[in-house]
Amino acid sequence: MWQDNGSEVTEFVLLGFVGSRGLQLGLMALFLLAYMLTVTENVVIVAVIRTGPLLHKPMYLFLSHLSFLEAWYISVTVPKMLLSLAAPVYRHISFAGCMTQLYFFLALACTECVLLSVMAYDRYVAICSPLRYPTIMRPSFCSLLAASSWLSGFSISIGKVFFISRLGYCGPNTMNHFFCDVSPLLNLACSDMSVAELVDFLLALLILLGPLALTMSSYAAILSTVLRISSSSGRQKAFSTCASHLAVVAIFYSASLFIYARPRALYASEYNKLVSVVYTVLTPLINPIIYCLRNQEVKGALRRLAQKAGQALRAYS
């Protein structure tokens, strides 16, 4: 709600996906299916890793954290989007609710950035220093790395959300997006946007490029080590342990850099919404598939879990 007398905005209206009622109901069914599949996939992976003794290794510990994160990541945006598609009244969101959604979205995204760099470091140690791997990647150190990923992600986001919340919003309050994100909010701010845009751009670069630089450094060292392996089978085996993670990194950073690390002059709302679907819906959906399709240990654990579940059901019936 807003008034023309300069009063502060108390709520926003999320336009979401504009179209016919049939289109909106079709999108709602599609996103609901994607949401249910994503949460189920990631919860299953966490359960399989936690209950499978053969998967109690650093790589799978970090994967379980990533899957746990993805289940929450998609839950920050999609349920509100589904309600907005179901009925226009749910397009309204309070200022406090908007900032809360933005905080958890950014916190989980920043955590994923750091966690992906930690996973790259794990692969770096495994390939470049295999004899020292058990000593370096001790369970206590791995737990510390995982906890640090969460702590840094949730801490860094506080400053950015505080900065955005203090810009001042005096109307209009209609946001051309399906959730509260940085760029649409900056479009609605009534403060001096030249400074605000520069600060936001620099913060985005810092948040994204720091972990990305660590990830790329790890892979540069991995590539250098792998190229020195004499046998082709040895090189292929080394690369295969990194392929899934590298694919996830490429998808995540391609969309994130496109949205957050470019000048506002290149901003286009409709393209932003489409790209946002990639990293808010598609990425959490396909990440478990990417990691599991090429991983024999995870597939074996899934088969054993399915067999145990089948036996339990037969015994119960």
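Read along the sequence, the chain runs β-α-α-β-α-α-α-β-α-α-α-α-α. That pattern comes from 10 helices and three strands. The model is predicted, with a mean pLDDT of 84 for the chain. One disulfide is present.

**Confidence**
- A pLDDT of 70 or more is reached by 89% of the residues.
- Residues 1-6 stay under 50 in pLDDT. The model gives this stretch 12 contacts beyond four places in sequence.
- Where pLDDT is low, predicted coordinates should not be read in detail.

**Burial, surface and contacts**
- The chain has 317 residues, and 47% of them are buried.
- Its accessible surface is about 15,400 Å². Carbon and sulfur atoms account for 70% of that surface.
- Take the contacts between residues at least 6 apart in sequence: 78% of them join residues at least 24 apart.

**The disulfide**
- Cys 98 is bonded to Cys 180, with an S to S distance of 2.1 Å.
- The torsion about this S-S bond is about -125°, so the disulfide is left-handed.
- Cys 98 sits in helix H3 (residues 95-128), while Cys 180 sits in the loop between strand E3 (174-175) and helix H6 (182-188). The pair therefore ties together parts that are 82 residues apart in sequence.
- Both Cys 98 and Cys 180 are buried.

- Cys 110 is in no disulfide. Its nearest cysteine sulfur belongs to Cys 113, 5.9 Å away; a disulfide would need the two sulfur atoms within 2.5 Å.
- Cys 110 has a relative accessible area of 6%, so this residue counts as buried.
- Cys 242 is in no disulfide either. The nearest cysteine sulfur is that of Cys 128, at 8.7 Å.
- Cys 242 is buried, with a relative accessible area of 3%.

**Nonpolar surface patch**
- Leu 83, Val 89 and Tyr 90 make a nonpolar surface patch of about 290 Å².
- Val 89 is placed in the loop between helix H2 (58-86) and strand E2 (92-94).
- The relative accessible area of Val 89 is 56%. The cut-off for exposed is over 50%, so Val 89 counts as exposed.

**Gly 26 in helix H1**
- Gly 26 belongs to helix H1, which spans residues 21-51.
- Its relative accessibility is 41%, so Gly 26 counts as partly exposed.
- Gly 26 and Leu 85 are 59 residues apart along the chain. Their C-alpha atoms are separated by 9.4 Å.

Note on methods: Residues are numbered from 1 along each chain as its sequence is written. This is a predicted model: local features need pLDDT of at least 70, side-chain atom pairs count only at pLDDT 80 or more; totals for chains, interfaces and linings use all residues. Side-chain values use heavy atoms; hydrogens and water are left out. Patches are made of residues with over 30% relative accessible area and no salt bridge: like charges are joined within 9 Å, nonpolar side chains (Val, Leu, Ile, Met, Phe, Trp, Tyr) within 5 Å. Accessible areas come from the Shrake-Rupley method with a 1.4 Å probe; for residues, only the protein chains shown count as cover. A salt bridge is a side-chain nitrogen of Lys or Arg within 4 Å of a carboxyl oxygen of Asp or Glu. Helices (H or I, at least four residues) and strands (E, at least two) are DSSP runs, numbered from the N terminus. Buried means under 20% relative accessible area, exposed over 50%, partly exposed in between (1.4 Å probe, protein chains only). pLDDT is the predictor's confidence in each residue, from 0 to 100. Contact means heavy atoms within 4.5 Å.
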